[in-house]
Amino acid sequence: RLPVHPRPRHPAPLRGTGAMAGDAPPAPGTVPRFKVGDRVQVVRPRHNAMQHTESYQVGEYGTVVLAPENSSVVHVQLEGDYEIVESVLPLHKVKVNGRSIVASVLHLAPYREPVRDRGLQALQNTAAQGVEAELLDIEKHWLTALFTHCDTTCDRRVNLKELQQSVERSADIAAFYGLTGNEGPEVLQALFKEIAGGDKVIDWNEFCSFYVRRLDGLAAEAGAAAREQDGLAPLEEERLREMFDQCQADADGCVSVAEALEGMRGMRGAMVLFGLRRRLRELALEDVVTGIVNGIAREIGGDDGDITLTELMQYAEAEENELGMRMSLAEKMWWDGLFRKAAASGLQMGMRPGERTFAAREGEIMSRQQFVALCKESPLSALLFGMKRNVDQKSLKEATQDAVCTVLRDAFGARADSARVSWGSFCTIYLEGVRRADTTMPPQIA
């Protein structure tokens, strides 16, 4: 293959300066320091005819994926549209999204979003910070993974075509937008116009704002004056009552708690409660993440879920041969970090009967329990890896139904399997459960 020919879309260099607008090259005697995850842009060009990964132009931008200690060189995953020349006669080019380079830190500067109106950008950033302040950490991870999954061109924006493709290939993406996936193009166009505004692309701020509006809409659908209101919303009470009335009541009107909890798994309109109650959103999204992580472990490690380096390499090779999809550098670094942490932990996790030592010697294997625990600490990479490969996951509706059961079971504590409860007490305990972050102390049953 011949070298990659970049076609950066923005930002453009200033004529005659070789530098970015608003960014000067580092001052003499200073060496910039970048860490993994930093967004950077090229402010000084370099050309190496023998190695295209060491060639880059002013204006290209991307994310640092590797930053060795005591080194002035970093690895950067560039974003934008590029072309690979597969053959010269006849000329044949293949479009790709992004490319990797090895660059000197002296040729880079922190990335600055190109905007014409800095005052407008400041207002947008302030609004975005206000929206993100409302979100749970698990919501931010989930939304970031969804947005990245939709953003197939890696430019941190979602256009109409990307929206259509993501809705068609993922029922969960469709559900996020409040769609079924069978809507006509006019419905998608109207929704896109509502979210994107006049610039015809959906950015991260607009994506988060849409999610918060969706939550407010679900709360309004439930008849609530606001999210997290003190009492039961009309539709919330109706859904809970439906489940309660399906249970066999005694002469005093009390039902078995265990029977009521089982009935909750078939609740209609569970998504209304997702928008209404913060605690239910937290539990439901944690359940979705756990399902994706377990799905990754099964796909790579088989039935036992323990993942060896050999199994990971075989999985990556099969993925490339059968689907033409290569594991990215960021994904390889994520897996390498997981194996290192698993080997360094020294925990006797995942031992089976008859084993004398845990098999994580020399970082060659990671037990399913370790994998789940490590992904729980930082779920974003697992979400990105799983969504990219359409790993089987629990739907948000099912996860919300299970979250209602979890809240009630935790609230009733050890008595959940034997206690009986009246309708009034049932509602009281439910409200205490969804309002409480720590459900280790069960309330008294009246």
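## Salt bridges

A salt bridge here is a side-chain nitrogen of Lys or Arg within 4 Å of a carboxyl oxygen of Asp or Glu. The model is predicted, so local features need pLDDT of at least 70 and side-chain atom pairs count only at pLDDT 80 or more, whereas totals for chains, interfaces and linings use all residues. Residues are numbered from 1 along each chain as its sequence is written, and side-chain values use heavy atoms, with hydrogens and water left out.

The structure holds 23 salt bridges. Arg-239 takes part in one with Glu-238, at 3.2 Å from N to O, and in another with Glu-242, at 3.5 Å from N to O. Glu-242 and Arg-239 both belong to helix 7 (residues 234–245), where 3 residues, about one turn of the helix, separate them. Helices (H or I, at least four residues) and strands (E, at least two) are DSSP runs, numbered from the N terminus. Arg-239 is buried, at a relative accessible area of 11%. Buried means under 20% relative accessible area, exposed over 50% and partly exposed in between (1.4 Å probe, protein chains only).

Arg-340 is exposed, with a relative accessible area of 58%, while Asp-336 is partly exposed at 39% relative accessibility.

## Aromatic pairs

The structure holds 22 aromatic pairs. One of them is formed by Trp-204 and Phe-207, a stacked pair with 6.3 Å centre to centre and 25 degrees between the planes. Rings of Phe, Tyr and Trp (its six-membered ring) pair if their centres lie within 6.5 Å; planes under 30 degrees apart count as stacked, over 60 as edge-to-face and the rest as tilted. Trp-204 and Phe-207 are both in helix 6, 3 residues apart, about one turn of the helix. Phe-207 is buried, with a relative accessible area of 1%.

The pair of Trp-334 and Phe-371 is tilted, because the ring planes stand at 55 degrees, with the centres 6.3 Å apart. Since Trp-334 lies in helix 12 and Phe-371 in helix 13 (residues 368–377), this pair ties together parts that are 37 residues apart in sequence. Both residues are buried: Trp-334 has a relative accessible area of 13%, and Phe-371 has one of 0%. A separate grouping is one aromatic cluster of Trp-142, Phe-147, Phe-176, Tyr-177, Trp-204, Phe-207, Phe-210 and Tyr-211.

## Packing of helices 15 and 16

Helix 15 (residues 396–412) and helix 16 (residues 423–435) have axes that come within 9 Å and cross at roughly 105 degrees. Helix 15 is therefore roughly perpendicular to helix 16. Axes are lines fitted to C-alpha atoms, for helices over the stretch in contact, and angles run from 0 to 180 degrees between N-to-C directions. Angles under 35 degrees count as roughly parallel, over 145 as roughly antiparallel, 65 to 115 as roughly perpendicular and the rest as oblique.

On the helix 15 side, Val-404, Val-407, Leu-408, Ala-411 and Phe-412 meet Phe-426, Ile-429, Tyr-430, Gly-433 and Val-434 of helix 16 (contact means heavy atoms within 4.5 Å). The residues of this contact comprise 9 nonpolar, 1 polar and no charged. Ala, Val, Leu, Ile, Met, Phe, Trp, Tyr, Cys and Pro count as nonpolar, Asp, Glu, Lys and Arg as charged, and the others, Gly among them, as polar.

## Positive phi in two loops

Most residues other than glycine have a negative phi. Glu-228 has a positive value, near 65 degrees. Glu-228 sits in the loop between helix 6 (204–221) and helix 7, and is partly exposed, with a relative accessible area of 31%.

Asn-390 also has a positive phi, near 50 degrees. The loop that holds Asn-390 runs between helix 14 (379–388) and helix 15. Asn-390 is partly exposed, with a relative accessible area of 47%.
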